[in-house]
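Have the viewer open as you read.

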Amino acid sequence: MKPDATDIELKLLAEAIFLRYGHDFRDYSLASQKRRVLHALSQFDCPTISALQSRVLHDPEAFHQLLQFLTIPVSEMFRDPSYFLALRREAAPLLQTYPSIKVWVAGCSTGEEVYSLAILLHEEGLLERTLIYATDINPASLDKARRGIFPLSAMERYAASYEKSGGKRQLSDYYTSAYESALMDRFLSANVTFADHSLATDTVFSETHLVSCRNVLIYFNRKLQDRALKLFHDSLCNRGFLGLGSKESMDFSACSDSFETVDRRERLYRKR
Amino acid sequence: MNERGSIAAGRQIDAVVIGGSAGGLDAMLRILSGLPGTFRLPLIALLHLPNNGDSKLVDVFGARLAIPVEEAADKARIAPGRLYFAPGGYHLLVEQDFSFALSCEAPVHYSRPSIDVLMESAADAWGPRLAGILLTGANDDGAEGLARIGERGGLTVAQDPDEAAIPTMPRAAIKRRAPDLVLPLDSIRDLLLELNRH
(Lines give C-alpha, C1' and ligand atoms only; values in the text may rest on other atoms or scores of the structure.)
Protein backbone atom coordinates (compact mmCIF):
# COMPACT_ATOMS: atom_id res chain seq x y z
CA MET A 1 0.00 0.00 0.00
CA LYS A 2 1.42 3.41 -1.00
CA PRO A 3 1.57 5.92 1.86
CA ASP A 4 -1.28 8.40 1.76
CA ALA A 5 -0.82 12.16 1.65
CA THR A 6 -1.10 12.57 5.42
CA ASP A 7 1.69 10.10 6.11
CA ILE A 8 3.95 11.85 3.60
CA GLU A 9 3.14 15.23 5.15
CA LEU A 10 3.98 13.86 8.61
CA LYS A 11 7.44 12.81 7.43
CA LEU A 12 8.02 16.17 5.77
CA LEU A 13 6.92 18.07 8.87
CA ALA A 14 9.39 16.14 11.03
CA GLU A 15 12.14 16.82 8.49
CA ALA A 16 11.29 20.53 8.34
CA ILE A 17 11.32 20.84 12.14
CA PHE A 18 14.66 19.05 12.33
CA LEU A 19 16.30 21.22 9.67
CA ARG A 20 14.92 24.48 11.01
CA TYR A 21 14.98 23.96 14.79
CA GLY A 22 17.14 20.89 15.44
CA HIS A 23 14.38 19.05 17.33
CA ASP A 24 14.35 15.54 15.95
CA PHE A 25 10.95 13.83 15.79
CA ARG A 26 11.86 11.78 12.72
CA ASP A 27 12.22 8.55 14.67
CA TYR A 28 9.16 8.90 16.83
CA SER A 29 6.48 6.24 16.68
CA LEU A 30 4.28 7.35 13.80
CA ALA A 31 0.83 6.25 14.89
CA SER A 32 0.70 8.32 18.07
CA GLN A 33 2.60 11.23 16.53
CA LYS A 34 -0.04 11.36 13.81
CA ARG A 35 -2.77 11.75 16.41
CA ARG A 36 -0.87 14.57 18.10
CA VAL A 37 -0.23 16.42 14.84
CA LEU A 38 -3.84 16.04 13.67
CA HIS A 39 -4.97 17.35 17.05
CA ALA A 40 -2.63 20.34 16.62
CA LEU A 41 -4.13 21.05 13.18
CA SER A 42 -7.48 21.90 14.67
CA GLN A 43 -5.89 24.09 17.36
CA PHE A 44 -3.78 25.96 14.79
CA ASP A 45 -6.75 26.25 12.46
CA CYS A 46 -4.69 24.77 9.60
CA PRO A 47 -6.47 22.71 6.91
CA THR A 48 -3.49 20.43 6.21
CA ILE A 49 -0.21 19.36 7.78
CA SER A 50 1.54 21.08 4.85
CA ALA A 51 -0.07 24.37 5.89
CA LEU A 52 1.05 23.79 9.45
CA GLN A 53 4.56 23.05 8.21
CA SER A 54 4.71 26.32 6.32
CA ARG A 55 3.57 28.25 9.37
CA VAL A 56 6.05 26.53 11.67
CA LEU A 57 8.95 27.05 9.26
CA HIS A 58 8.39 30.79 9.12
CA ASP A 59 7.30 31.47 12.69
CA PRO A 60 9.47 30.27 15.60
CA GLU A 61 6.71 31.14 18.06
CA ALA A 62 4.35 28.79 16.20
CA PHE A 63 6.98 26.06 16.51
CA HIS A 64 7.17 26.65 20.24
CA GLN A 65 3.41 26.21 20.43
CA LEU A 66 3.49 23.09 18.27
CA LEU A 67 6.15 21.62 20.57
CA GLN A 68 3.52 21.57 23.32
CA PHE A 69 1.45 19.22 21.14
CA LEU A 70 4.34 17.05 19.92
CA THR A 71 5.61 16.28 23.41
CA ILE A 72 3.46 14.41 25.91
CA PRO A 73 3.05 16.39 29.12
CA VAL A 74 1.11 13.68 30.91
CA SER A 75 2.76 12.71 34.16
CA GLU A 76 1.90 11.81 37.72
CA MET A 77 3.60 11.26 41.05
CA PHE A 78 4.45 7.73 42.12
CA ARG A 79 2.87 6.26 38.99
CA ASP A 80 3.15 2.46 39.38
CA PRO A 81 3.91 2.53 43.13
CA SER A 82 5.49 -0.92 42.97
CA TYR A 83 8.28 0.52 40.80
CA PHE A 84 9.24 2.85 43.64
CA LEU A 85 9.03 -0.02 46.10
CA ALA A 86 11.47 -1.93 43.91
CA LEU A 87 13.82 1.07 43.86
CA ARG A 88 13.71 1.23 47.66
CA ARG A 89 14.29 -2.49 47.97
CA GLU A 90 16.83 -3.14 45.21
CA ALA A 91 18.58 0.11 44.37
CA ALA A 92 18.66 2.15 47.59
CA PRO A 93 20.88 -0.26 49.59
CA LEU A 94 23.50 -0.20 46.83
CA LEU A 95 23.27 3.55 46.33
CA GLN A 96 24.02 3.84 50.06
CA THR A 97 27.54 2.60 49.35
CA TYR A 98 28.49 5.63 47.23
CA PRO A 99 29.82 8.83 48.82
CA SER A 100 27.99 10.87 46.19
CA ILE A 101 25.20 9.83 43.87
CA LYS A 102 24.00 11.04 40.49
CA VAL A 103 20.51 10.29 39.20
CA TRP A 104 19.22 11.07 35.71
CA VAL A 105 15.49 11.44 35.11
CA ALA A 106 15.36 11.39 31.31
CA GLY A 107 12.23 12.86 29.73
CA CYS A 108 11.10 14.38 33.04
CA SER A 109 8.19 16.31 31.51
CA THR A 110 6.56 18.51 34.16
CA GLY A 111 8.57 17.02 37.02
CA GLU A 112 6.18 14.76 38.93
CA GLU A 113 8.60 11.84 38.72
CA VAL A 114 11.54 14.03 39.78
CA TYR A 115 9.81 15.06 43.01
CA SER A 116 8.69 11.47 43.61
CA LEU A 117 12.29 10.26 43.36
CA ALA A 118 13.55 13.14 45.50
CA ILE A 119 11.09 12.17 48.24
CA LEU A 120 12.17 8.53 48.00
CA LEU A 121 15.86 9.47 48.15
CA HIS A 122 15.22 11.76 51.10
CA GLU A 123 13.46 9.01 53.03
CA GLU A 124 16.31 6.62 52.29
CA GLY A 125 18.78 9.20 53.64
CA LEU A 126 20.36 9.77 50.23
CA LEU A 127 19.02 13.06 48.91
CA GLU A 128 21.61 15.29 50.59
CA ARG A 129 24.44 13.65 48.66
CA THR A 130 22.55 13.16 45.42
CA LEU A 131 22.61 15.30 42.33
CA ILE A 132 19.54 14.78 40.11
CA TYR A 133 19.65 15.68 36.44
CA ALA A 134 16.11 16.17 35.16
CA THR A 135 16.08 16.55 31.38
CA ASP A 136 13.45 17.13 28.74
CA ILE A 137 13.19 18.66 25.26
CA ASN A 138 10.26 20.91 26.11
CA PRO A 139 11.33 24.19 27.80
CA ALA A 140 7.79 24.91 28.97
CA SER A 141 7.62 21.54 30.74
CA LEU A 142 11.03 22.16 32.33
CA ASP A 143 9.81 25.54 33.62
CA LYS A 144 6.80 23.87 35.21
CA ALA A 145 9.01 21.17 36.70
CA ARG A 146 11.36 23.81 38.12
CA ARG A 147 8.43 25.66 39.74
CA GLY A 148 7.20 22.47 41.42
CA ILE A 149 3.59 23.60 41.69
CA PHE A 150 0.91 20.98 41.10
CA PRO A 151 -2.88 21.02 41.39
CA LEU A 152 -4.00 20.17 44.91
CA SER A 153 -6.69 17.86 43.57
CA ALA A 154 -4.01 15.74 41.89
CA MET A 155 -1.93 15.58 45.09
CA GLU A 156 -4.82 13.90 46.83
CA ARG A 157 -4.75 11.14 44.20
CA TYR A 158 -0.96 10.89 44.40
CA ALA A 159 -1.13 10.46 48.19
CA ALA A 160 -2.58 6.96 47.78
CA SER A 161 0.16 6.02 45.32
CA TYR A 162 2.82 7.48 47.64
CA GLU A 163 1.57 5.29 50.45
CA LYS A 164 1.67 2.18 48.25
CA SER A 165 5.17 3.10 47.09
CA GLY A 166 6.55 2.52 50.57
CA GLY A 167 6.28 6.16 51.66
CA LYS A 168 7.33 6.63 55.26
CA ARG A 169 5.45 9.84 56.08
CA GLN A 170 2.52 11.74 54.57
CA LEU A 171 2.81 13.15 51.07
CA SER A 172 1.40 16.40 52.47
CA ASP A 173 4.55 16.71 54.61
CA TYR A 174 6.38 17.63 51.40
CA TYR A 175 4.32 20.50 50.10
CA THR A 176 2.58 23.70 51.14
CA SER A 177 -1.01 24.22 50.03
CA ALA A 178 -2.18 27.56 48.77
CA TYR A 179 -5.53 28.04 47.11
CA GLU A 180 -5.91 25.09 44.72
CA SER A 181 -2.17 24.45 44.40
CA ALA A 182 0.55 22.49 46.13
CA LEU A 183 4.04 23.99 46.24
CA MET A 184 6.68 21.29 46.66
CA ASP A 185 9.21 21.95 49.44
CA ARG A 186 12.33 23.67 48.13
CA PHE A 187 14.77 21.24 49.73
CA LEU A 188 13.49 18.54 47.35
CA SER A 189 14.74 20.39 44.29
CA ALA A 190 17.82 22.02 45.85
CA ASN A 191 20.07 19.42 44.24
CA VAL A 192 18.13 19.08 41.01
CA THR A 193 19.49 20.44 37.73
CA PHE A 194 16.73 20.90 35.17
CA ALA A 195 18.19 20.91 31.69
CA ASP A 196 17.32 20.77 28.02
CA HIS A 197 18.53 17.44 26.65
CA SER A 198 17.35 15.36 23.71
CA LEU A 199 17.63 11.58 23.65
CA ALA A 200 17.44 11.86 19.85
CA THR A 201 20.30 14.30 19.22
CA ASP A 202 22.39 14.91 22.36
CA THR A 203 25.15 12.86 23.94
CA VAL A 204 25.98 11.72 27.46
CA PHE A 205 26.76 14.58 29.86
CA SER A 206 27.66 12.82 33.11
CA GLU A 207 28.31 9.51 34.79
CA THR A 208 25.23 8.40 36.73
CA HIS A 209 24.29 5.69 39.22
CA LEU A 210 20.59 5.51 38.40
CA VAL A 211 18.68 6.41 35.25
CA SER A 212 14.89 6.55 35.43
CA CYS A 213 13.22 6.95 32.05
CA ARG A 214 9.62 5.86 32.19
CA ASN A 215 7.01 6.04 29.47
CA VAL A 216 9.32 7.92 27.14
CA LEU A 217 10.65 5.09 24.98
CA ILE A 218 7.12 4.06 23.94
CA TYR A 219 6.98 7.22 21.81
CA PHE A 220 10.14 6.22 19.91
CA ASN A 221 10.65 3.73 17.09
CA ARG A 222 13.06 0.86 17.63
CA LYS A 223 16.02 2.74 16.19
CA LEU A 224 15.57 5.69 18.55
CA GLN A 225 14.85 3.36 21.47
CA ASP A 226 18.22 1.75 20.83
CA ARG A 227 19.92 5.13 20.70
CA ALA A 228 18.40 6.13 24.04
CA LEU A 229 19.28 2.82 25.71
CA LYS A 230 22.84 3.16 24.43
CA LEU A 231 23.03 6.65 25.99
CA PHE A 232 21.81 5.27 29.32
CA HIS A 233 24.36 2.48 29.14
CA ASP A 234 27.17 4.93 28.39
CA SER A 235 26.08 7.22 31.20
CA LEU A 236 25.67 4.57 33.90
CA CYS A 237 28.56 3.66 36.14
CA ASN A 238 29.60 0.06 36.45
CA ARG A 239 26.54 -1.88 37.73
CA GLY A 240 24.36 1.25 37.64
CA PHE A 241 20.55 0.94 37.67
CA LEU A 242 18.07 1.65 34.88
CA GLY A 243 14.31 1.88 35.40
CA LEU A 244 11.81 1.88 32.51
CA GLY A 245 8.03 2.22 32.28
CA SER A 246 5.87 -0.72 33.30
CA LYS A 247 5.06 -1.67 29.68
CA GLU A 248 8.48 -0.89 28.26
CA SER A 249 11.14 -3.53 27.86
CA MET A 250 14.40 -4.28 26.13
CA ASP A 251 13.04 -7.42 24.52
CA PHE A 252 13.21 -5.92 21.06
CA SER A 253 16.39 -3.95 21.55
CA ALA A 254 19.94 -4.56 20.43
CA CYS A 255 20.96 -3.39 23.93
CA SER A 256 19.24 -6.20 25.82
CA ASP A 257 22.55 -8.02 26.34
CA SER A 258 24.15 -4.96 27.92
CA PHE A 259 21.79 -5.01 30.89
CA GLU A 260 20.74 -7.67 33.36
CA THR A 261 17.23 -7.81 34.77
CA VAL A 262 16.84 -7.02 38.47
CA ASP A 263 13.03 -7.06 38.56
CA ARG A 264 11.26 -7.91 35.32
CA ARG A 265 7.81 -6.85 36.47
CA GLU A 266 9.03 -3.45 37.62
CA ARG A 267 11.32 -3.02 34.60
CA LEU A 268 14.37 -2.49 36.76
CA TYR A 269 17.73 -3.33 35.15
CA ARG A 270 21.44 -3.09 35.91
CA LYS A 271 24.30 -2.37 33.61
CA ARG A 272 26.38 -5.47 32.95
CA MET B 1 -26.70 -16.85 1.06
CA ASN B 2 -27.67 -14.62 3.99
CA GLU B 3 -26.60 -11.01 4.40
CA ARG B 4 -23.68 -11.94 6.60
CA GLY B 5 -22.43 -14.49 4.11
CA SER B 6 -22.73 -12.21 1.10
CA ILE B 7 -20.90 -9.36 2.81
CA ALA B 8 -18.15 -11.63 4.07
CA ALA B 9 -17.76 -13.47 0.76
CA GLY B 10 -14.76 -12.46 -1.30
CA ARG B 11 -13.45 -10.18 1.43
CA GLN B 12 -9.75 -10.47 2.13
CA ILE B 13 -9.40 -9.64 5.81
CA ASP B 14 -5.97 -9.68 7.50
CA ALA B 15 -6.85 -8.67 11.04
CA VAL B 16 -9.76 -8.10 13.41
CA VAL B 17 -10.11 -5.47 16.14
CA ILE B 18 -12.79 -5.92 18.80
CA GLY B 19 -13.84 -3.30 21.31
CA GLY B 20 -16.15 -3.65 24.28
CA SER B 21 -16.98 -1.93 27.53
CA ALA B 22 -19.59 -2.73 30.19
CA GLY B 23 -20.73 -6.33 29.60
CA GLY B 24 -17.95 -6.79 27.06
CA LEU B 25 -16.07 -9.52 28.86
CA ASP B 26 -18.92 -12.02 28.64
CA ALA B 27 -19.67 -10.95 25.07
CA MET B 28 -16.09 -11.48 23.98
CA LEU B 29 -15.88 -14.85 25.69
CA ARG B 30 -19.05 -15.93 23.88
CA ILE B 31 -17.61 -14.94 20.49
CA LEU B 32 -14.05 -16.10 20.93
CA SER B 33 -14.35 -19.31 22.92
CA GLY B 34 -15.87 -20.97 19.85
CA LEU B 35 -12.83 -20.32 17.63
CA PRO B 36 -10.71 -23.34 16.65
CA GLY B 37 -6.98 -23.62 17.36
CA THR B 38 -6.37 -23.31 13.62
CA PHE B 39 -7.81 -19.77 13.51
CA ARG B 40 -5.19 -17.73 11.64
CA LEU B 41 -6.29 -14.07 11.76
CA PRO B 42 -4.75 -11.86 14.43
CA LEU B 43 -7.41 -10.59 16.88
CA ILE B 44 -6.77 -7.38 18.78
CA ALA B 45 -9.15 -6.89 21.68
CA LEU B 46 -9.77 -3.91 23.92
CA LEU B 47 -11.99 -4.05 26.98
CA HIS B 48 -12.57 -1.07 29.22
CA LEU B 49 -11.97 -2.10 32.79
CA PRO B 50 -12.88 -0.15 35.92
CA ASN B 51 -9.31 0.07 37.21
CA ASN B 52 -6.61 0.89 34.73
CA GLY B 53 -4.06 -1.35 36.36
CA ASP B 54 -2.86 -4.78 35.34
CA SER B 55 -5.73 -6.92 34.20
CA LYS B 56 -6.26 -10.64 34.36
CA LEU B 57 -7.73 -10.76 30.85
CA VAL B 58 -4.86 -12.75 29.41
CA ASP B 59 -5.31 -15.42 32.08
CA VAL B 60 -9.10 -15.46 31.85
CA PHE B 61 -9.17 -15.83 28.07
CA GLY B 62 -6.03 -17.95 27.86
CA ALA B 63 -7.69 -20.60 30.00
CA ARG B 64 -10.80 -20.75 27.80
CA LEU B 65 -9.54 -20.28 24.23
CA ALA B 66 -7.95 -22.65 21.76
CA ILE B 67 -5.66 -19.91 20.38
CA PRO B 68 -2.73 -18.27 22.21
CA VAL B 69 -3.60 -15.13 24.18
CA GLU B 70 -1.12 -12.41 25.16
CA GLU B 71 -0.90 -8.79 26.18
CA ALA B 72 0.02 -6.45 23.31
CA ALA B 73 3.62 -5.34 23.89
CA ASP B 74 5.13 -2.09 22.67
CA LYS B 75 6.94 -2.56 19.31
CA ALA B 76 5.95 -6.24 19.03
CA ARG B 77 5.09 -7.44 15.54
CA ILE B 78 1.53 -8.64 15.24
CA ALA B 79 1.51 -12.38 14.57
CA PRO B 80 -1.29 -14.45 13.02
CA GLY B 81 -3.56 -16.73 15.02
CA ARG B 82 -3.29 -14.86 18.30
CA LEU B 83 -5.55 -12.85 20.53
CA TYR B 84 -3.93 -9.70 21.87
CA PHE B 85 -5.31 -7.61 24.72
CA ALA B 86 -4.60 -3.92 25.18
CA PRO B 87 -2.79 -3.41 28.49
CA GLY B 88 -4.55 -1.28 31.13
CA GLY B 89 -3.57 2.36 31.57
CA TYR B 90 -2.12 2.83 28.06
CA HIS B 91 -3.53 3.59 24.64
CA LEU B 92 -2.79 0.84 22.14
CA LEU B 93 -2.03 1.76 18.53
CA VAL B 94 -1.05 -0.15 15.38
CA GLU B 95 1.85 1.14 13.28
CA GLN B 96 2.10 1.00 9.49
CA ASP B 97 4.49 -1.97 9.76
CA PHE B 98 1.86 -3.91 11.77
CA SER B 99 3.62 -3.62 15.10
CA PHE B 100 2.07 -2.30 18.31
CA ALA B 101 2.79 1.05 19.93
CA LEU B 102 1.69 2.19 23.38
CA SER B 103 1.02 5.70 24.58
CA CYS B 104 0.01 7.19 27.92
CA GLU B 105 -1.48 10.35 26.52
CA ALA B 106 -4.68 11.67 28.04
CA PRO B 107 -7.74 9.40 28.12
CA VAL B 108 -10.22 9.63 25.22
CA HIS B 109 -13.91 9.33 26.22
CA TYR B 110 -12.58 8.96 29.78
CA SER B 111 -10.90 5.77 28.61
CA ARG B 112 -7.29 4.70 28.37
CA PRO B 113 -7.03 2.46 26.47
CA SER B 114 -9.56 3.94 24.06
CA ILE B 115 -11.26 1.94 21.32
CA ASP B 116 -11.25 4.98 19.01
CA VAL B 117 -7.47 5.33 19.27
CA LEU B 118 -6.92 1.63 18.53
CA MET B 119 -9.42 1.40 15.69
CA GLU B 120 -8.32 4.62 13.97
CA SER B 121 -4.67 3.55 13.89
CA ALA B 122 -5.56 0.00 12.82
CA ALA B 123 -7.76 1.39 10.02
CA ASP B 124 -4.81 3.45 8.79
CA ALA B 125 -2.51 0.43 8.88
CA TRP B 126 -4.74 -2.25 7.29
CA GLY B 127 -7.17 -0.18 5.24
CA PRO B 128 -9.79 -2.40 3.57
CA ARG B 129 -8.24 -5.55 5.01
CA LEU B 130 -9.42 -4.84 8.54
CA ALA B 131 -12.61 -5.94 10.25
CA GLY B 132 -13.80 -3.94 13.26
CA ILE B 133 -16.33 -5.21 15.79
CA LEU B 134 -17.93 -3.07 18.46
CA LEU B 135 -19.76 -4.72 21.36
CA THR B 136 -21.83 -3.78 24.37
CA GLY B 137 -20.88 -0.73 26.45
CA ALA B 138 -22.14 2.29 28.34
CA ASN B 139 -20.27 5.10 26.55
CA ASP B 140 -19.61 6.15 22.96
CA ASP B 141 -15.96 5.17 22.62
CA GLY B 142 -15.45 3.23 19.38
CA ALA B 143 -18.04 5.06 17.27
CA GLU B 144 -15.39 7.26 15.61
CA GLY B 145 -12.98 4.36 15.31
CA LEU B 146 -15.50 2.08 13.64
CA ALA B 147 -16.44 4.89 11.26
CA ARG B 148 -12.77 5.33 10.29
CA ILE B 149 -12.52 1.61 9.53
CA GLY B 150 -15.56 1.95 7.29
CA GLU B 151 -14.21 5.04 5.55
CA ARG B 152 -10.99 3.15 4.79
CA GLY B 153 -13.01 0.34 3.18
CA GLY B 154 -12.79 -2.11 6.06
CA LEU B 155 -15.61 -4.33 7.29
CA THR B 156 -17.59 -2.88 10.18
CA VAL B 157 -19.77 -4.80 12.61
CA ALA B 158 -21.79 -3.66 15.63
CA GLN B 159 -23.40 -5.98 18.14
CA ASP B 160 -27.18 -5.92 17.83
CA PRO B 161 -28.21 -3.31 20.46
CA ASP B 162 -31.33 -5.37 21.27
CA GLU B 163 -29.07 -8.17 22.44
CA ALA B 164 -26.31 -6.07 24.01
CA ALA B 165 -26.08 -5.97 27.82
CA ILE B 166 -25.71 -2.17 27.52
CA PRO B 167 -26.73 -0.90 24.08
CA THR B 168 -25.23 2.63 24.30
CA MET B 169 -21.96 1.84 22.56
CA PRO B 170 -23.25 -0.10 19.53
CA ARG B 171 -26.08 2.44 19.19
CA ALA B 172 -23.62 5.33 19.11
CA ALA B 173 -21.64 3.57 16.37
CA ILE B 174 -24.78 2.84 14.31
CA LYS B 175 -25.80 6.49 14.61
CA ARG B 176 -22.36 7.80 13.65
CA ARG B 177 -21.99 5.69 10.48
CA ALA B 178 -24.13 2.69 9.56
CA PRO B 179 -21.96 -0.45 10.01
CA ASP B 180 -21.91 -3.09 7.27
CA LEU B 181 -23.48 -5.55 9.68
CA VAL B 182 -25.45 -5.41 12.92
CA LEU B 183 -25.39 -8.89 14.40
CA PRO B 184 -25.99 -10.89 17.57
CA LEU B 185 -22.93 -12.47 19.19
CA ASP B 186 -23.40 -15.97 17.76
CA SER B 187 -23.53 -14.55 14.24
CA ILE B 188 -20.40 -12.48 14.88
CA ARG B 189 -18.60 -15.69 15.79
CA ASP B 190 -19.84 -17.34 12.57
CA LEU B 191 -18.70 -14.29 10.62
CA LEU B 192 -15.18 -14.59 12.06
CA LEU B 193 -15.10 -18.24 10.97
CA GLU B 194 -16.16 -17.24 7.46
CA LEU B 195 -13.58 -14.44 7.26
CA ASN B 196 -10.94 -16.89 8.40
CA ARG B 197 -11.70 -19.20 5.46
CA HIS B 198 -10.76 -16.68 2.77
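## A:L87 and its contacts

Outside the four places on either side in sequence, A:L87 is in contact with A:A92, A:L120 and A:G243; contact here means C-beta atoms, placed from the backbone, within 7 Å. A:L87 itself belongs to helix α5 of chain A, residues 81-95. Helices are DSSP runs of H or I with at least four residues, strands are E runs of at least two, and both are numbered from the N terminus.

Is A:L87 buried or exposed? A:L87 counts as buried because it has 26 C-beta neighbours inside 10 Å. The cut-offs are 20 or more other C-beta atoms within 10 Å for buried, 12 or fewer for exposed, and partly exposed in between, again with C-beta atoms placed from the backbone.

A word on provenance: this is a predicted model, where local features need pLDDT of at least 70, side-chain atom pairs count only at pLDDT 80 or more, and totals for chains, interfaces and linings use all residues. Residues are numbered from 1 along each chain as its sequence is written, while chains are lettered from A and ligands numbered from 1 in the order in which they are written.

## A helix pair in chain A

Helices α1 (residues 5-21) and α3 (residues 49-58) of chain A have axes that come within 9 Å and cross at roughly 5 degrees. Axes are lines fitted to C-alpha atoms, for helices over the stretch in contact, and angles run from 0 to 180 degrees between N-to-C directions.

On the α1(A) side, the residues involved include A:L10, A:L13 and A:I17, and on the α3(A) side they include A:L52, A:V56 and A:L57. By class, this contact has nine nonpolar, three polar and two charged residues. Nonpolar covers Ala, Val, Leu, Ile, Met, Phe, Trp, Tyr, Cys and Pro; charged covers Asp, Glu, Lys and Arg; the others, Gly among them, are polar.

## Where the chains meet

Between the chains, 15 residues of chain A are in contact with 18 residues of chain B. Helix α2 (residues 30-44) of chain A gives the largest share of the chain A side, four residues. That side has eight nonpolar, three polar and four charged residues.

## The annotated site in chain B

An unreviewed UniProt entry places the feature "active site" at B:S21, B:H48 and B:D141. UniProt positions follow the numbering used here, feature names are shortened, and annotations may be inferred rather than shown by experiment. These residues spread over 121 residues of sequence but cluster in space, with a largest C-alpha distance of 9.7 Å.

B:S21 is in the loop between β1 (15-20) and α2 (24-32) of chain B, and B:D141 is in the loop between β7 (130-134) and α5 (143-151). B:S21 is buried, with 27 other C-beta atoms within 10 Å; B:D141 is buried too, with 29. Beyond four places in sequence, B:S21 touches residues including B:H48, B:D141 and B:M169. With that same exclusion, the contacts of B:D141 include B:S21, B:H109 and B:M169.

Terms used:
Contact = placed C-beta atoms within 7 Å.
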